[in-house]
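Here are a few notes to read alongside the structure. Keep the 3D view open and follow the points one by one.

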Amino acid sequence: MYKLLLILKYLRRKLAPLFAVLAVALCTAMVIIVSSVMGGFLQQFRDAAHRVTGDVVIEQPVTGLPYYQEIIDRVLELPEAAAATAVIESYGLAAVPSGRTMPVQIMGIDPAGFNAVTPYYDTLHWTSQDFLDHIDALIRRDPPLPAELLSQVDAARDGYASHDIRQYAMTFELPPQWREAHDALPVCVPGIALFNQRTQQGKYELLYSPIVGPRWRELTLSVLPISTQGTLGAYEPARAKFVIVNEFKSGLYDIDNHRVYVPFDVLQKMLKLDSYPRVDPRTGESTGEMAPARTHQIMVQAADGVDVAALKQKIYAVVDQVSAEHPDMPLLWVQTWIDRYAGMLGAVENEKVLVTFLFAVVSIVAFTMIAVIFYMIVLDKTHDIGVLRSLGASRAGIASIFLGYGLAIGIVGSLLGLLAASQIVWNINEIQDLLAQSIGFRMWDPQFYVFDKIPSDLDGLEVTWIVLVAIVSSVLGSLIPAFIAARLNPVEALRYE
Amino acid sequence: MSSQRHHAGDQANGALLHARDLHKHYHMGDEDLHVLRGVDLELTRGQWLAILGASGSGKSTLLHLLGGLDRPDDGTVHYDGRDIFRLRGGKLDRYRSAHVGFVFQFYHLLPELTALENVLIGAMVGCSILDWPTLRRARRARAKDLLAQLGLTERLRHRPNKLSGGERQRVAIARALINEPDVLLADEPTGNLDADTGKQILDVFRKLHGAGQTIVMVTHDTAIAAAADRTLRLQAGRLHHA
C-alpha cells in the first residue's frame, strides 16, 4: 500500500516527473506522428493507385488486346466480378492555345464503364457551383469588368445553373452553351495539375472563365499509332482537337499532372486500334475478313467482399479460355492493382518502416534521459529509501516503488503523447495553414509534392503498439535506478547527504 | 546448536533482545575501523536501556544491528530466542516492521507526506494492498490517537517542513510506535533539539516507559542517559557498566 501512496506522492513532485512525463509524451507523439504521416502517405498511394486502376487489370500495353469485348462478357459472367471496361492507354503530346506543349498519358475510356470500375465521377474536380462562384466573383470584381464582358459573364450563368457540369464529363458531350463555339469537337478531361498550378493552399484556379473565350478550352492531342508488330512508322502520327469539359483530381500528383481522359472510340481510331479489313501480305489484297478492334487494358472491379487475388485467378482462367479459342491472341498480363503498383507501394512501405525505426532509435535517447531522471530521483530519495527500509520495507518493495513510478510516468506520458499526436495528426493541415499565415513557414508546400495535403492515417493497432512500447520502455528506463535503489544499504542511505 | 542454547537461556532470563559477541568493521580505504569488538547485551522486556558513548564510538551501529538494519561481521542478535540474521524470505523485514521502532536523531520523515501519512506509512509497510482497506480505519484511528497523545492534533495535515524540530521528532516517535513494537530504538533522539524541546521528548520517553515500552536509547549526553533505568557505556568497541 505504501508503494502506491509514494508513487502518487512522487508523481506530484515538481520538475523531475514533469520532465520524465514530457520526455515520454514527446517520444510517443513523435513516433505516432511520423508513423501516421508515413502511414497516410502509404494509404494515399494505395488509394490513389487503386482509384486509377480498378481491382484487376488484363493488359497488352503496346500492340493491344483483341477480342476484348468477348473477354469482358465472360469476365462479367463470373460472380466474383462486378464490372469490367476496356481502356486504351497511350502516350502523346498535348498542346494548348498558349503554345505550351507537354508529354501526356492519354487514356481512352467509356466514362460510364470506367466509373463502374473506378470512382471516376468522384474525381471530377469542377462542379457547377465552382463556375457559378467564379462568375459571382467576376461580377463583384473591383475594378468592375467592362459592361460588355459583364453581360457576357452574366449570360453564361444560366448554362451552369441548370446543369450539373460534371455530367458532361460522364457522357463526354459538350455543354449546350459551348456547342456552337466548338463545332461538335470531342471532349476530354485532363488531370487538374496538367494546366493548373496549385496555390500554396493546395487549391486550383478555374481557368475556363467565360471571359477568356472558347479557344482556351481547346486542347490538341497528338499520338503515334503502333503497328500490331509493335513498331513505329507504319502509320502517320494522328492529331485531334478536344474540348476540356472538366478536370479530374485523383490526388496522385503524377497522374493529375500527366493524364488526359478522352472518348475510347476516338482514341481507338487515332491509334489505329479499331477494326480494319485484313490484307493478305503476299498479294496485298483484302482477305474479306475484318481484324478485331483492340484495346490496351481491361479493368475489372471485384464484387463486394471478393479478394482481388482470387478474382485474378478466375480471370486467368477466362483469359486462357479465350486465348485458346483465338490463336492470334497475344500474350496477356493479368495483374491486381497491388501487383501493378508493387514497386511504388513497396518503396513507400519500406520508407515508412525505416523512418519509424529511425525515430524509435531517436526515442532511445529520450528513454536514456528517463533513466537519468529516475536515477536523480533515486539519489534525491536516498534518505526515504533508508527510512522505508528501517520501517521494514523489503528490497523488492523499494524496487517496485520506482518500477511503479516508471509505469505511472509511462502511462501518463504516453497517453499525453497520444493525445497530442492525435490532435496534431487530425489537424496537421490546419496547423500548417496557421503556421503559414502567422510566420510564413510552410513545411509541406503543396505546389511541389505528390499530394496536395499532408496525408495522415492514425492506425489504432499501430498506435496501441507505440503506446505499449512507450510504457514498457519507461518501465525499462526505471529498471536500473530501481535496482540501484533496492541495492542501497539502508544505513548508508540514512547517512546519505 | 549455539543459537538454540542462547534461545533457551534468553527465555529463562526473560531477555527480549540478546546480542552476543558482536563485531563490526568499517573499511575506509586501506584503513580497517573495528568499531564493535565483541559486544554482549541483554535487554529484558519493559527495560529502558541507555547506551552512552562518544561520537564515532559505534553507538548507532550497535542500534542498527539490534534493529536488523545492518549486519554484523561476527556475532548474533537474538530476538525472542531467534537469531534475526538467520531469518529468511523477508522475515527480517517483518522483524523491523512488526517488532522494532526506530527513532532517529534527524527524524527522517518523508518530506512529501503529511504528519499523519508519515505515521501511517509505518503501518502500511507491513500491510498488503489487499489487507489495507480492512485495516485502514483502525490504523488511521491509532495514528491520530498517537499524534494526539504527543500533542500534534493540530498538525495532522502539516508536512515536515511546516513543523518545528520537536514536532518532527514527536511525529517520528508516533511513526515508530504505530505497529506497537516490542522495542523502541532511539538514536540520539534529542541530539538535534534545543534543551527545552529535548526535555519534552525525554518526557515522552518517560511516559512510554511508564506504560511498559522497552526502549534502547543511544546518546552521548549523560544527563539524557540518566533518565533510563540502566546505562551502559560503549568504549573501545565494548560495552561497560557506566
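**Notes on the two chains**

1. Let's start with helix α13 of chain A. Its buried residues are A:Leu311, A:Lys312, A:Ile315, A:Val318, A:Val319 and A:Val322. They sit on the same side of α13(A), because they cover an arc of only 125° around the axis. Keep in mind that this is a predicted model.

2. Why would such residues line up? An α-helix has 3.6 residues a turn, so residues three or four places apart point the same way.

3. On the buried side, the cover includes β1, α3, β3, β12 and β13 of chain A.

4. Over to chain B, where four strands make an open antiparallel sheet in the order β2-β1-β4-β5. β2 and β5 of chain B are at the edges with a single partner strand each, so one side of each has no neighbour in the sheet. Further in, β1(B) and β4(B) pair over five bridges, and B:His23 stands opposite B:Asp74 in β4(B). Helix α2 of chain B lies across β1, β2 and β4 of chain B, at about 125° to β1(B).

5. Finally, where do the chains meet? 20 residues of chain A are in contact with 23 residues of chain B. On the chain A side, α16(A) gives the most, with six residues. That side divides into twelve nonpolar, four polar and four charged residues.

Conventions. Residues numbered from 1 in each chain as written. Chains lettered and ligands numbered in written order. Predicted model: local features only at pLDDT ≥ 70, side-chain atom pairs only at ≥ 80, totals over all residues. Pairing = 2+ DSSP bridges. Helix = DSSP H or I, 4+ residues; strand = E, 2+ residues; numbered from the N terminus. Contact = placed C-beta atoms within 7 Å. Axes fitted to C-alpha atoms, helices over the stretch in contact; angles between N-to-C directions. Nonpolar A, V, L, I, M, F, W, Y, C, P; charged D, E, K, R; others polar. Buried ≥ 20, exposed ≤ 12 C-beta atoms within 10 Å, placed from the backbone. Arc of directions from axis to C-beta.
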